[in-house]
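Hello,

Here is the structure I promised to pass on. Please open it first, then read my notes below.

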Amino acid sequence: MIESLELNTKSKDEDYNILNLGPTHPATHGVFQNILKMDGEIIHDATSTIGYIHRAFEKIAEHRPFYQITPLTDRLNYCSSPINNMGWHMTVEKLLGVETPKRVDYMRVIIMELARIADHLVCNAVIGVDTGALTGFTYMFQWREKIYDIYEQVCGARLTTNIGRIGGLERDFTPECIRLIREFLNDFPKYFDEFAGLLERNRIFMDRIINVGPISAERALNYGFTGPNLRAAGVDYDVRVMNPYSSYQDFDFTIPLGTQGDTYDRFMVRQHEIRESLKIITQALENLPEGKFFADVPDFFLPPKQEVYNNMEALIFHFKIIMGEATVPVGEVYHSVEGGNGELGFYMVSDGGRAPYRLHFRRPCFIAYQAYPEMIKGSMLSDAILTMSSMNIIAGELDA
Amino acid sequence: MVNIDNEYILTEITNQFGDKLYSSYEPYGLLTIEFDKNSIKDLLSFLYNHQELQMQFLTDVCGTHYPDVKGKEIGVIYHIHSLINNVRLRVKCYMPIENPSIDSATFLFSSANWQERETFDFYGVNFVGHLNLKRILNADEMDYFPMRKEYPLEDGTRTDKDDSYFGR
């Protein structure tokens, strides 16, 4: 049940205090500015100012070959870079009409779900921090590091991963990588349950975040919410199920739902999604098909380095790919993946040139964050902080 | 129960709007229509309130710029999604660059608010009926629309970089 707070409207504007929250406030985890109109400790009105780390990615993308756009997508939602990278690669594959082998799909699913776990872990651990429970945060960041160790085995990088290639992955999973994933699947649930035990049914924690920053399903849909934020409000829209990509239809998992879209529901939806992701990774790893780790697209998939140095054709392809000289079909394509916090869409118009004619990122944070003033109106200042961290607004994705 | 597919959507729109629908095609299976920009409000409400379609989720709004197509330089592109039927629709409206203006979708979708501000910010499209149409990602003092094709990516006065070998 959502209680609406009655606001006492004051007659004169001078009766309110103006509070400038941000852009570099330690409690907002990123560059966010909100100008709040305060009545004592109650927020009467809010205006969000964004764009502090705008880097013109869409303009840059119009001047770069496809491979050079992948690092840009890293820097959108930097808590789950691999999902962005693979979303972009899949967009290009859709444009080119590339069929990826099953093994590639499963490998991608494993990495994407690891990324989702990392993303949700950070968000939920930070909700704990904002309510004053630092312990869970330090525990869970240890496990995020373990996930980063797996990325490191796959692609060599940790945070901004630039993982994968158009048509597949840069290399097959090494035995060490498989071992790390198995170790993670084996050890993590125990520690995660401990973290859940700290917070999920903790009376103090529940009292603190239930009914904080609620949004109804109708408003959430109207505001274009997607991902955990929408599902917390009770709408079962998940791109993985609705428009399966990368063989998600092969896996058995459920979509956790909340009921009233408040901070506690968002927290719980993410908690359960972590458990579902673990299930998906287990299934993918057990049923990992044999085969190649790349599709047959020599014009886009970089040849292995040994061949580049010793083989004329491989060298030519290497240069063609790096310089973006391969032929690209003319057309337009929209592809979306379930990112860390919602439907991450790529709308690309190609005119056959080396760079996209137009590339637009549908960034879930950007679209969801405009509801923020409405969600915090009438609540306390400290609740506003919690609402923001539970929406998992990432500044990089917000501003692109 | 009718079968909701691209053909059905197209028939419904054609029956309702006739010649306001300029053209339609299906790149990669996503129905794309070019529509009269003066009637975009009617189209969006029609799709929103349609008994069967229920296209009530605005996925995305963005702009484009084609300098060579005279009279239709600036485009606004809507991606609409029906979550009930899981069908998507892409609507394109083109307008001349001298006075790019189109009705705002904020009367129906709250999510259009910032997306239209973004489109205004980068392409200078005037969304009529938008209550707070000002720049969102760029600085307020900016006096041009940076995503239009005539603006170079980098400051042209720099001499320390030679990108000509890289085709930029």
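How many residues does the largest nonpolar core have, and which residues have the most contacts inside it? The core has 145 residues, and A:Ile110 and A:Leu114 have the most contacts inside it. Helix α4(A) gives the most to this core, with 16 residues. Please keep in mind that this is a predicted model.

Leaving aside residues up to four places away in sequence, A:Ile110 touches A:Ile181, A:Ile281, A:Ala284 and A:Leu285.

Helix α4(A) also has a helix partner. Helix α3 of chain A (residues 81-96) packs with α4(A) at an angle of about 140°. Their axes are 7 Å apart. Angles over 145 degrees count as roughly antiparallel. The angle of about 140° therefore makes α3(A) oblique to α4(A). On the α3(A) side, the contact is made by A:Ser81, A:Pro82, A:Ile83 and A:Met86. On the α4(A) side, it is made by A:Arg108, A:Ile111, A:Met112, A:Ala115 and A:Arg116. By type, the residues of this contact are six nonpolar, one polar and two charged.

Next, α16 of chain A. Is helix α16(A) largely enclosed or left open, and why? It spans residues 381-390, and eight of its 10 residues are buried, so the rest of the structure largely encloses it. Buried here means that 20 or more other C-beta atoms lie within 10 Å of a residue's own. The buried residues of α16(A) are A:Asp383, A:Ala384, A:Ile385, A:Leu386, A:Thr387, A:Met388, A:Ser389 and A:Ser390. Just after α16(A) comes A:Asn392, which takes a positive phi of about 55°.

Now the sheet in chain A. Three strands form an open sheet in the order β4-β5-β6 (chain A), and the pairing is antiparallel. β4 and β6 of chain A are the edge strands, and each pairs on one side only. From one strand to the next, the twist averages 10°. β4(A) and β5(A) run antiparallel and are joined by 10 bridges. Across that pair, A:Glu338 stands opposite A:Glu343 in β5(A). Helix α3(A) comes back here, packing on the sheet and touching β4 and β5 of chain A. Its direction makes about 150° with that of β4(A).

Where does chain A meet chain B? 30 residues of chain A are in contact with 27 residues of chain B. On the chain A side, the elements that give two or more residues are α1 (57-61), α8 (217-222), β4 (330-339), β5 (342-351), β6 (358-362) and α14 (364-369). β4(A) gives the most to this side, with four residues. The residues on this side of chain A divide into 13 nonpolar, nine polar and eight charged.

That leaves chain B. It has three helices and seven strands. Along the sequence they follow the pattern α-β-β-α-β-β-β-β-α-β. The C-alpha atoms of chain B fill a box of roughly 65 × 40 × 30 Å along the principal axes. Of its 168 residues, 38% count as buried. Take the contacts in chain B between residues at least 6 apart in sequence: 47% of them join residues at least 24 apart.

Chain B has an open sheet of five strands, in the order β1-β2-β5-β4-β3, with mixed pairing. β1 (21-25) and β3 (57-65) of chain B are at the edges. Each has a single partner strand, so one side of each is left without a neighbour in the sheet. The twist averages 20° from one strand to the next. Within this sheet, β2(B) (residues 31-35) and β5(B) (residues 87-95) pair in the parallel sense over four bridges. There, B:Leu31 stands opposite B:Leu89 in β5(B).

Is B:Asn132 buried or exposed? B:Asn132 has 11, so it is exposed. B:Asn132 is 18 residues from B:Trp114 in sequence. In space, the two are 9.3 Å apart, C-alpha to C-alpha.

Best wishes

Conventions
Residues numbered from 1 in each chain as written. Chains lettered and ligands numbered in written order. Predicted model: local features only at pLDDT ≥ 70, side-chain atom pairs only at ≥ 80, totals over all residues. Buried ≥ 20, exposed ≤ 12 C-beta atoms within 10 Å, placed from the backbone. Contact = placed C-beta atoms within 7 Å. Nonpolar A, V, L, I, M, F, W, Y, C, P; charged D, E, K, R; others polar. Axes fitted to C-alpha atoms, helices over the stretch in contact; angles between N-to-C directions. Parallel < 35°, antiparallel > 145°, perpendicular 65-115°, else oblique. Pairing = 2+ DSSP bridges. Core = buried A, V, L, I, M, F, W, Y, C linked by C-beta atoms within 7 Å.
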